[in-house]
Amino acid sequence: MKLEYEELLKDVGKMSPKPNMLDYGDIYQNFDWKEIEGQLKSLDDGKANMAYECIDKHLETELKDKLAFIWEGLDGAIEKYTFARFSEETNKFANLLKKHGIKKGDRVFVFLERVPELYVVFFGVLKIGAIIGPLFSAFGPEAVKDRLEDSGAKLLITSPNLKRKVKSILHELPDLHHLVIVNKRGGPVEYEDKDICYEKEMAEASTSFEIEPTNREDYSVMHYTSGTTGKPKGVVHAHQAIIGQYATAKYALDLKEDDIYWCTADPGWVTGTSYGMFGPWSNGVTQILYEGGFNASKWYQIIQDYKVTAWYTAPTAIRMLMKAGDELPGQYDLSRLRHICSVGEPLNPEAVVWGEKAMGLAFHDNWWQTETGAIMIANYAIQNIRPGSMGRPFPGIQADILDDQYNPVPAGEEGQLALKPGWPSMFRTYWNREDYYNSRFKNDWYITGDKAYKDEDGYFWFVGRADDVINTAGHLVGPFEVESVLIQHPAVAEAGVIGKPDPIVMEVVKAFVSLKEGYVQSEQLRREIRVFVKKKLAGWACPREIDFLDSLPKTRSGKIMRRLLKSRDLGLPDGDISTLED
Ligand code: ATP
Ligand code: MG
């Protein structure tokens, strides 16, 4: 399908006077990671510590008393941390860990609501050289158990409420030596043998700590993937990932020191750490942290009240904002926003255009994975956006499209999206699954598991997850192109498309849609949607069946779970649903 983006090509509404990247072609040609490393002091002698790069290095500059973050709680409470305070608190927590025998390489997990202490413990763990693993606070007992068991976690940081939720599995984890209980809101707590009272021990801990001089290759963060396509995998990163996160926050998200930046992603998902912590803080940027989840009015309010200038969110959230109506953004002062970005799922062209219409800014889509650690392909502030495209490879990144023998194909041909290994934030292993890790590398390429094509100008276009691509009557159909057309219909809020097995044509295209407010499902509407899609897509790509759902099953990071649409449609078992949102 040819997306008709030309007519939509426009300059971004309010581009900052001077984007950090001024000439993509020039930088891409002459890029050298060494130059970026030069900007990160602690890498000089092969050492790197992410906590140093994000917090303590600023203490030697005028950023010391700048706000690292402003946090707003669900109850309206507000807390502000300067880099200096952030450093002291994280030092205290590192001392607490040391006292309880946590050492370099140990796995420590955090299962907390999105409160400031989550960020404090996160960096305290990095300061001591242990490996930090974040968990969504919405996880149930089994999801928590799977991850702690798989990683052999030694210590878990949690809250009284969340401990209660997972109490049943805690005694099944022989490696788990301690629980640190953060009692933020001060209710009564019963401490048990393994429990450490955060408030008490933090009050006693020293504010000075010598950061563990970790090597670049020492493990730092462990993230379980979103579970969109199957059982989540424990992706392990090394301290030098900070090089990629620092560079991409600067040149892809275009962050500058005077920005007020808001990343809506939960730290349980890689976007919430790579770009809700590492990227912005290594650049000395002030972040807004909001404890709550999605709420259209509240979100616009946050952008207005905190004068947010740079915003990073996800397609599902954007589609929900679209669903909440075009009038809503006009009721808020969003005039400080200058750069807005999206990641996590394909961003439908419709959503890019909506941003321009509703907020005067186009969403800049970018592509990456838990495994890549940082943005790999992006639309940059300096250039026009091609709605529907993920953009072009980040400088220092070689991306290409390969055939089934893992050889590059010409522009315009679909194939497997692959990356040349060796970029700084590349994952180092899947925990306990070394064979699977090795199997992801073929012919000197890292195979991403996504299908895409690139156009003559080097822009990459997402087709679908390799598993999701539909084979119908000899044609390959990417679910994304069909979904993008479906959501152009005025009644459709969200769409998920699958291939349904068929004895004659192998698979037929089947769509699941949820409707915008004010629309009611009916046979008539179903027909209308089909006619609408038929005008825009080849016959074989048109959904043979359309089902209406109130909402589509999604992961906690907001990704449509097509595998669940499929298994449920076919009456098959659900598989791992630990990351399914409620
Ligand atoms: P799992 O690996 O457990 O199935 P997941 O792949 O969804 O889960 P993540 O690492 O969070 O876990 O997501 C990375 C994937 O998200 C990419 O491989 C891609 O399929 C999708 N993705 C991310 N950004 C984009 C984008 N801008 N456009 C299209 N797809 C995207
Ligand atoms: Mg994946």
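Student: Which polar backbone atom is 3.1 Å from a nitrogen atom of ligand 1?

Tutor: That backbone atom belongs to Gly344. A polar backbone atom of Glu345 is also placed 3.4 Å from a nitrogen atom of the ligand. Both pairs are polar contacts, which for a ligand means N or O atoms within 3.5 Å; within protein, one atom must be able to donate a hydrogen and the other to accept it, and residues adjacent in sequence count only if both atoms are side-chain atoms.

Student: Before we continue, what kind of model is this, and how are things numbered?

Tutor: This is a predicted model, in which local features need pLDDT of at least 70 and side-chain atom pairs count only at pLDDT 80 or more, while totals for chains, interfaces and linings use all residues. Residues are numbered from 1 along each chain as its sequence is written, chains are lettered from A and ligands numbered from 1 in the order in which they are written, and side-chain values use heavy atoms, with hydrogens and water left out.

Student: Which side chain has a polar atom 2.8 Å from an oxygen atom of ligand 1?

Tutor: The side chain of Lys559 does.

Student: And how many residues are around the ligand?

Tutor: There are 22 residues around ligand 1, and Gly227, Thr228, Thr229, Asn366 and Thr370 come nearest. A residue is near a molecule or strand if one of its heavy atoms lies within 4 Å of it.

Student: Glu345 came up above. Which residues does Arg562 touch, not counting those up to four places away in sequence?

Tutor: Arg562 touches Glu345, Asp468, Pro479, Glu483, Val497 and Ile498 on that count, where contact means heavy atoms within 4.5 Å. Arg562 lies in helix α17, residues 562–570. Helices (H or I, at least four residues) and strands (E, at least two) are DSSP runs, numbered from the N terminus.

Student: Is Arg562 buried or exposed?

Tutor: Arg562 is buried, because its relative accessible area is 9%. The cut-offs are under 20% relative accessible area for buried and over 50% for exposed, with partly exposed in between (1.4 Å probe, protein chains only). Arg563, Leu564, Leu565 and Ser567 of α17 are buried too.

Student: What covers the buried residues of α17?

Tutor: The cover includes α15, β25 (492–502) and β26 (506–515).

Student: How many residues of α15 are buried?

Tutor: In α15, 8 of its 8 residues are buried. One of them is Val482, which has a relative accessible area of 0%. Leaving aside its neighbours within four places in sequence, Val482 is in contact with Val477, Val497, Val509, Leu537, Ala541 and Pro543. The C-alpha atoms of Val482 and Cys542 are separated by 7.3 Å, although the two residues are 60 apart along the chain.

Student: Let us change topic to backbone angles. Which residue has a phi near 60° without being glycine?

Tutor: Asp254 has that positive value. Asp254 is in the loop between α9 (241–251) and β10 (260–263), and it counts as buried because its relative accessibility is 1%. Ala473 also has a positive phi, near 45°; this residue is in the loop between β23 (470–472) and β24 (475–477). Ala473 is partly exposed, with a relative accessible area of 45%.

Student: What else is in the loop between α9 and β10?

Tutor: Ala252 is there, and Ala252 is buried at 1% relative accessibility. Its contacts beyond four places in sequence include His339, Cys341 and Phe394. Ala252 and Phe394 are 142 residues apart in sequence, with 7.6 Å between their C-alpha atoms.

Student: What about the segment after α17?

Tutor: Ser578 lies in that segment and is buried, with a relative accessibility of 14%. The side chain of Ser578 makes polar contacts with the side chain of Arg147, at 3.1 Å, and with that of Asp576, at 2.7 Å.

Student: Finally, which residues line the largest cavity?

Tutor: Arg147 is one of the lining residues, and others include Phe136, Tyr224, Trp269 and Thr579. On a 1 Å grid over the protein atoms alone, a cavity is a set of points where a 1.4 Å probe fits but cannot get out, and lining residues have an atom within 4 Å of a point.

Key
1 Å grid on protein atoms, 1.4 Å probe; cavity = no way out; pocket = protein on both sides within 12 Å on 5 of 7 lines; lining within 4 Å.
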